[in-house]
Amino acid sequence: MNILGISAHYHDSAAALVVDGVLVCAVQEERLSRRKNDAAFPVKAIGWCLDHEHIEPGDLDAVVFYERSMLKFERILTCALRAFPRSWRSFPHAIKNTLGEKAWVRGIISAHMDMPRDRILFTDHHASHAAAAFLTAPTRRAAILTADGVGEWATLTTGKGERRPDGRADITLRREIRFPHSLGMLYSTFTAYLGFTVNEDEYKVMGLAAYGRPTLVERVRKLIRRLPDGSFALVPEFFEFQTTAECSYSSKFLDLFGPARHRYDPLDLESPEGLRFADCAASVQRVVEDILVDIASRLHRETGLPDLCFGGGVALNGVANARILAESGFERVFVPPAPGDAGCALGAALYADRIYFHNPDREIPDHPFWGPAVDAGVLARAAHEDGQAVEECDDARLIGRIAGDLAADRLVGWMDGACEFGPRALGHRSILAAPHGIAVRDRLNRDIKRREEFRPFAPVVPIEVADRFFDVPRGGARLARYMSGVFPVRREWRSRLAAVTHVDGSARVQVLEREMAPRLHTLLEEYGRRTGVPVLLNTSFNVAGEPIVTDALEGYTTFRRCGIDVLVAGRTVVTKRAAALKEAEEWSSNSEAASTVG
Ligand SMILES: [Fe+2]
């Protein structure tokens, strides 16, 4: 049975294909369209998935959309009417936006794919999140928690999943919290207040939190009431997101926290104003963590299960995930590589396969590499024609060579096999660097990422030696498999891991098992033999404002435009010549000037 899952029209569209119960490929639209967080109907992603399996739309038994678009429309309409006349400005925008695409998804899918309408199915948004978290996790029974901004109506659900002895899988979501009461919306409101982009920059709030102290926790608690049954309710007078698309916080919110930060204002963490913003970030982070830990603890007591599967955009918060693991009673917390809405494409397909069609459960391979593969031959040809130094190496020589480059503080673009599904580079589309000095970190920030200094870079370490460098608790390696937990760097290593240690001594570490990315694992070992520290800085292979690179040519043009010294794809190694280095520096300073002006 061939089932295609689709998520679209909110942010980060994607497609995923499940064949006879097993995931065979998945990709976000942005990786193919090259528009970051592309929310358009994922024509390219669908086309690539079908081509990958050499099938036509007519060969699909079902196309599953990740949410019930008419229910979402109902929510938008109801909220706009409830808030009338305050909502009159946003009302036409909301209706146009919804009626334009979201409500008529069946027609759009049918038209784009020439698909009979009865083969088009819909799942609940949070059922998609739950399925993406549970049906991909190597566990037989688990409690399930999902939390995001909002789906149709639900913003948070709890329940459990079970793989039964008869081969069937069940997902039961027993409780839900509904819009406008939303942990994701609370966090996003602060994201907007702090001058960042909603639905994109929430992780900057988490990074900024480490610079502040939670001095404003009591004020944040005024925004959200805890209820006796363990749920919560946002206090409406502090928020505007339910009435207008323009601003998510109200004047009362500003009375409580002071003036908001404009997105182009510098964020000076030495100034009282900068520290006030950092304290805001630390305070909302603490309150959201406390509520998640409380909800997870209750869920643990209710289910008595040792495993938790956690999905939805809120599950990208690695600091909160680490606290859930430490404090809720669960022994393991599974967060999939794509817990956000892109991952819902996969969740929707799996949900339809297991729950709607009652197909037997099948094990899903436990890795994130489901996208297009890199073609080293294309890289070799492009680099050769462009006059760069190209070498073809066997694996042993290549690993030795690259470990030497990294030890000499060179920045390495590392492309290997299929690209990751989800927002994180986990070893197939990464920029690798030595983790020791802040000079490398600053060079990455200045020449490639052009991003705020308060955002830390992440390390990757082989699982066998992770404990030596990081304080990963029992069960923590599972969270760290997909970089979903933030854990302390051991005090004695912090100065030697300065480029990947956050200001509070923590790191969003990836703990790597050899089977998941064998070449990167071998590289880490070789780098460790040379330097005594088998840890590398691992950041996504992209420049500021662009999606992570997908194919060899995107990798090559990115390498040419920025300060990466060496590029690897398969067994091909390209070293930047001196003249090209100069060009990249010029490009870098030009675009820096352009971004300053912009
Ligand atoms: Fe969601």
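A residue counts as buried when its relative accessible area is under 20%, exposed when over 50%, and partly exposed in between (1.4 Å probe, protein chains only). By that rule H125 is buried, because its relative accessibility is 0%. D341 is buried too, since its relative accessible area is 6%.

A word on the model: it is predicted, so local features need pLDDT of at least 70 and side-chain atom pairs pLDDT 80 or more, while totals for chains, interfaces and linings use all residues. Residues are numbered from 1 along each chain as its sequence is written, and side-chain values use heavy atoms, leaving out hydrogens and water.

Now to the iron ion. Donors are N, O and S atoms within 2.8 Å of the metal (3.2 Å for Na, K and Ca); with water not among the atoms, sites may look incomplete. Here are the protein donors:

| Donor residue | Donor atom | Distance to the iron ion |
|---|---|---|
| H125 | NE2 | 2.2 Å |
| H129 | NE2 | 2.2 Å |
| D148 | OD | 2.2 Å |
| D341 | OD | 2.2 Å |

Along the chain, these donors are spaced as H-x3-H-x18-D-x192-D. H125 in helix α6 (residues 125–134) and D341 in helix α13 (residues 341–356) are 216 residues apart, so this pair links distant parts of the chain.

Then there's helix α19, residues 518–531. Helices here are DSSP runs (H or I, at least four residues), numbered from the N terminus. Among the buried residues of α19 are R519, L520 and H521. Just after α19, G532 takes a positive phi of about 85°.

Definitions and conventions: Helices (H or I, at least four residues) and strands (E, at least two) are DSSP runs, numbered from the N terminus. The expected span of a helix is 1.5 Å times one less than its number of residues.
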